[in-house]
Amino acid sequence: MMDGQTYHHLTDDKSPIHDHRDSIHRLKTVEGHLRGIQRMLEEDAYCIDIIRQIQAVQAALNKVSVAILNQHLNTCVITAVRSEKQEERERVLKEIAEVFEVSQRVWSIYKEVKHEYRNLHNPKYFLHALY
């Protein structure tokens, strides 16, 4: 969808190629979990408890993302790579590269935050940050 166009996957008999039932179930669970986090915020719950719940939601979303990516690689990408249309092959490979590029940026932000968090537990760093 990087070029503004939406691509749908239907077989010749108009049935979907992918079985997203598990992902849909996971997303409905995440939806309920998010409402719980909203309630925690409204009730002014302990910050670390809220953050842990957010991390649980992120982990669940990552599982959905991995499942969808796996299906995509095993259907859409394989079909495009086998295609005689060079622009189709290039499009799907560019999409995969973009997905991994975004993942790398997110991962580097996570590592940076984790590094800062570790430094807060270092008394020398903590005292230095105060002054």
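Is C47 buried or exposed? C47 is exposed, at a relative accessible area of 53%; exposed here means over 50%, buried means under 20%, and partly exposed is in between (1.4 Å probe, protein chains only).

## About the model

This is a predicted model, where local features need pLDDT of at least 70 and side-chain atom pairs count only at pLDDT 80 or more, while totals for chains, interfaces and linings use all residues. Numbering runs from 1 along each chain as its sequence is written, and side-chain values use heavy atoms, with hydrogens and water left out.

## Cysteines

C76 is buried, with a relative accessible area of 11%. As for disulfides, the structure has zero, counting a pair of cysteine sulfur atoms within 2.5 Å as one.

## The core

Now for the inside. V30, I37, M40, I50 and V57 make up the largest nonpolar core, meaning buried Ala, Val, Leu, Ile, Met, Phe, Trp, Tyr and Cys residues joined through side-chain atoms within 4.5 Å. Helices α1 (21-42) and α2 each put in at least two of its residues, and α1 has the largest share, with three. Helices here are DSSP runs (H or I, at least four residues), numbered from the N terminus.

Leaving aside residues up to four places away in sequence, I50 touches I37, M40, L41 and A45, with contact meaning heavy atoms within 4.5 Å.

## The surface patch

On the outside, Y46, I48 and I51 form a nonpolar patch with about 300 Å² of accessible area together (Shrake-Rupley method, 1.4 Å probe; for residues, only the protein chains shown count as cover). Patch residues have over 30% relative accessible area and no salt bridge, and nonpolar side chains are joined within 5 Å; a salt bridge is a side-chain nitrogen of Lys or Arg within 4 Å of a carboxyl oxygen of Asp or Glu. I48 sits in helix α2 (residues 47-82) and is partly exposed, at 34% relative accessible area.

How values were computed. Patch = residues over 30% accessible without salt bridge, like charges linked within 9 Å, V, L, I, M, F, W, Y side chains within 5 Å.
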